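I opened my notebook to get to know a new structure. Here is the model I looked at.

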Amino acid sequence: MMEKWRKALDAVRGGESKYKILVQAIAADIDNGTLTEGTRLPPQREVGNKLGISVQTVTNAYKELEQTGVIRCEVGRGSFVAKRVTEKVASYMLDRAERSLIDFSMARLIYTEAHDNAWRDACAALAAQPDQPWMHACRPIAGFEHHRAAGVEWVAGLGIEASIETLLITNGASHAQFLALASLVSPGDTVLTDSITDHGVIGSAQVLGFTLKGLDADEYGIQPDHFEDMCANERITALVCTPNLNNPTGTLMSDSRRRAIARIAERYGVYVIEDDVFGPLLAQRPPPITSHLPELGFYLTSFTKSVLTGLRTGYLRMPRRLALRVESILRVNCWMATPLLAEVATRWIADGTATRLVALQREHLALRHRMVEEHLGEFTLSNHPAALSAWVGVPKHWQLDSLVEQLRHHLVAVTSPDPFLTLGTPRPNAIRICLGADDSDVRINGALATIADIFRQYPQVHHYL
């Protein structure tokens, strides 16, 4: 068996990764039945010695095989072949094994039969319509007028006054945020955000070349005093913030703080890009910051985090004097947002489907947050019943990486704070648990109980080495 692996490694060409080749070789043996379910793989050091490669290379290969569900690694016992994979290793599509992964690592909505039925009904209605301009017309860059009118209606319900001329259709909230930033910043400009923030703005900083700095925050979000201090002492172009259920901390900013931030932004001429992708999930919410800043505010939201995950239709409300500039960037970026999805969103706004699915999502999220409170209440830092995730502190006797690894060994995936940290922000000892995991409430409850059980255990000695 290892002779085949050796031949595969001997054929490695320049630029190819040895551990990737080893992954493919082991996966091939599992797929063709040479390695059957339950077979114990050779120890990593033995594989490294026999193949003439480093133990780290073997470790990396085993980790990738484990992450894709091909093998399972058990502390103190070794690595074993898991149930057969239905597709290629890289597809992540596994047979439903007894010990399947509960994935709390991805922020997504809870998908129900009602969502499935609504989507199928929408597809049937679209297919039955003889005239389908959303499939053959591509001229209106900013979006079809009736799509934008529906967007104006939707954001009005969220506290934002807009017009067809000041609203663009986008491919989700991340796209809208990127367009807003691209219309304002040049390389080297300084943009502010929460010190712990959504990784999208961190990625935009790397692409657009601006300097991103984090602001001090507490349980109510960004602290206005720090924002004002930065504005007074540096040339700040924009503030990017998520006042409603910030990802990953789940903070909800008070009305008084929103007004204070708006006053500071207006005083110093700083643009505010307000990401309200989670806003529709809140039955009651303070007015948006940008409702107080019509000439300095960009407001964005979408359906992906409130109505249906795959319905990547977003709305960007922009200052009137920048509308043509943002529209021209949209044209260069993707010509126009996908009109087919915007048509579905428009119909769902008109017939009440969007509002109904949001209300349904609140009910399901509230149930899962009650589970979090039951099992992890003493550890939770933020657990708003309408949030897509809970922000949970890690017990002091656990090192963060060791805990994440241990949970993964128990087939529970969570997210560490690393993707959300702006430069220089201390790493909090906390994890994000996303509650839209695609599984039954019974299994979700069991996985949360597993997390609580591991929290209360002490790690094995080797975790400290």
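My entries below go from domains to a strand and then a helix.

**Ground rules.** I noted that this is a predicted model, where local features need pLDDT of at least 70, side-chain atom pairs count only at pLDDT 80 or more, and totals for chains, interfaces and linings use all residues. Residues are numbered from 1 along each chain as its sequence is written, and side-chain values use heavy atoms, with hydrogens and water left out.

**Domains.** I looked up the domain assignment (bounds from an automatic or database assignment) and found domain 1 (1–82), domain 2 (86–113 + 355–456) and domain 3 (136–353). The C-alpha centres of domain 1 and domain 3 are 45 Å apart.

**Strand S9.** Helices (H or I, at least four residues) and strands (E, at least two) are DSSP runs, numbered from the N terminus. I checked S9 (residues 236–241) and found 6 of its 6 residues buried, meaning under 20% relative accessible area with a 1.4 Å probe, protein chains only. S9 pairs (at least two DSSP bridges) with strand S5 (residues 190–194) in the parallel sense over 4 bridges; there, Ile236 is the bridge partner of Thr190. With strand S10 (residues 271–275), S9 also has 4 bridges in the parallel sense, and Ala238 has Tyr271 as its bridge partner.

**Helix H7.** I followed H7 (residues 145–156) through its 12 residues: the span from first C-alpha to last is 16 Å, close to the 16 Å expected at 1.5 Å a residue, counting one less than the number of residues. Its buried residues include His147, Arg148 and Trp154.

Note on methods:
Buried means under 20% relative accessible area, exposed over 50%, partly exposed in between (1.4 Å probe, protein chains only).
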